[in-house]
Amino acid sequence: MEYLTFALGKGRLANRTLELFEEIGITCEEMKDKDTRKLIFVNEDLKLRFFLAKGPDVPTYVEYGAADIGVVGKDTILEEDRKCYEVLDLKFGKCRMCVCGPESSEELLKHHEMIRVATKYPRIAKDYFYNRKHQTVDIIKLNGSIELAPIVGLSEVIVDIVETGSTLKENGLKILEEICPLSARMIVNQVSMKMEAERINKLIRDIKEKL
Ligand code: PRP
């Protein structure tokens, strides 16, 4: 039997995924050692391998078949736009992709003014403004702490993830428009889905029963 390889987005999502896997009898003891410097973990009995990767790299590993299966946020799937099958909504890591800004930017949005949009997600922002709203905007790519942009005058609005809303609130910003709901998803390599259909479909069935 070949190994089935999983790429998990580092951080909270990976921890939730491992908890879910434990519920269906898939464990990886090696991975629980917080001090380990190992990058890849094996469950020999079940012929499974797991590795942690930066979220945006997960769809890349899956598209190229370096991982058969990936777990990553819907935001990353949309932004990376890789060729793989999205097979399951894991229902955790729920949040929303939104256009946010100060109250004063509401009018600018309404009147389709030429505004600057700061975001870690330029593809999502471009698709939303150009294809859905038919509004020409200037998209500025940032790598984090996006909420800073309207505060210091880099942009009029941001496109970012909102979970509890507290980052917005503490910085005097609000949700102006909602783009889409987000959550953790399971993605599968297109060839693996055919070659390992039986094992992968069983995994999907088992997980669905726990959701
Ligand atoms: C994310 C997101 C928001 C915040 C939203 O940032 O970009 O800033 O969480 O969460 P809240 O609605 O619960 O306040 P993250 O912490 O991932 O870091 P980043 O700013 O570096 O992207």
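Into which domains is the chain divided? The chain is divided into domain 1, which takes in 4–93 + 183–210, and domain 2, which covers 95–180, the bounds coming from an automatic or database domain assignment. The model is a predicted one, in which local features need pLDDT of at least 70 and side-chain atom pairs count only at pLDDT 80 or more, while totals for chains, interfaces and linings use all residues. Residues are numbered from 1 along each chain as its sequence is written, and side-chain values use heavy atoms, with hydrogens and water left out.

Taken as a whole, the chain has C-alpha atoms that fill a box of roughly 60 × 35 × 30 Å along the principal axes, and it holds 9 helices and 11 strands, where helices (H or I, at least four residues) and strands (E, at least two) are DSSP runs numbered from the N terminus. Of the 211 residues, 44% are buried; buried stands for under 20% relative accessible area, exposed for over 50%, and partly exposed for values in between, with a 1.4 Å probe and protein chains only. Among contacts with a separation of 6 or more, 68% join residues 24 or more positions apart, a contact being heavy atoms within 4.5 Å.

The centres of domain 1 and domain 2, taken over C-alpha atoms, are separated by 30 Å, and 7 residues of domain 1 are in contact with 9 residues of domain 2. Between them about 680 Å² is buried, 49% of it given by carbon and sulfur atoms; this buried area is the accessible area (1.4 Å probe) that two parts lose on being put together, summed over both. On the side of domain 1, Asp 75, Leu 78 and Glu 79 supply 67% of the area buried against domain 2, more than any other three residues. Across this interface the rule finds 2 salt bridges, a salt bridge being a side-chain nitrogen of Lys or Arg within 4 Å of a carboxyl oxygen of Asp or Glu.

By this rule the chain has a count of 16 salt bridges. One of them joins Asp 81 to Arg 123, with the closest N and O atoms 3.3 Å apart, and a network of salt bridges links Lys 74, Glu 86, Asp 89 and Arg 185. Lys 174 takes part in a salt bridge with Glu 103 (3.2 Å, N to O), a pair that links distant parts of the chain, since Glu 103 lies in the loop between strand 6 (95–101) and helix 4 (105–110) and Lys 174 in strand 10 (residues 174–182), 71 residues apart. Lys 174 also meets Glu 106 in a salt bridge (3.6 Å, N to O), and here the partner in helix 4 is 68 residues away from Lys 174. Glu 103 counts as exposed because its relative accessible area is 52%, whereas Lys 174, at 28%, is partly exposed.

Glu 156 sits in the loop between helix 6 and strand 9 (157–162) and, at 24% relative accessibility, counts as partly exposed. Although Glu 156 and Ser 105 are 51 residues apart in sequence, their C-alpha atoms are 6.1 Å apart in space. Leaving out residues up to four places away in sequence, Glu 156 touches several residues, including Ser 105, Leu 108 and Arg 116.

Helix 6 (residues 148–152) contains Ile 151, which is partly exposed because its relative accessibility is 45%.
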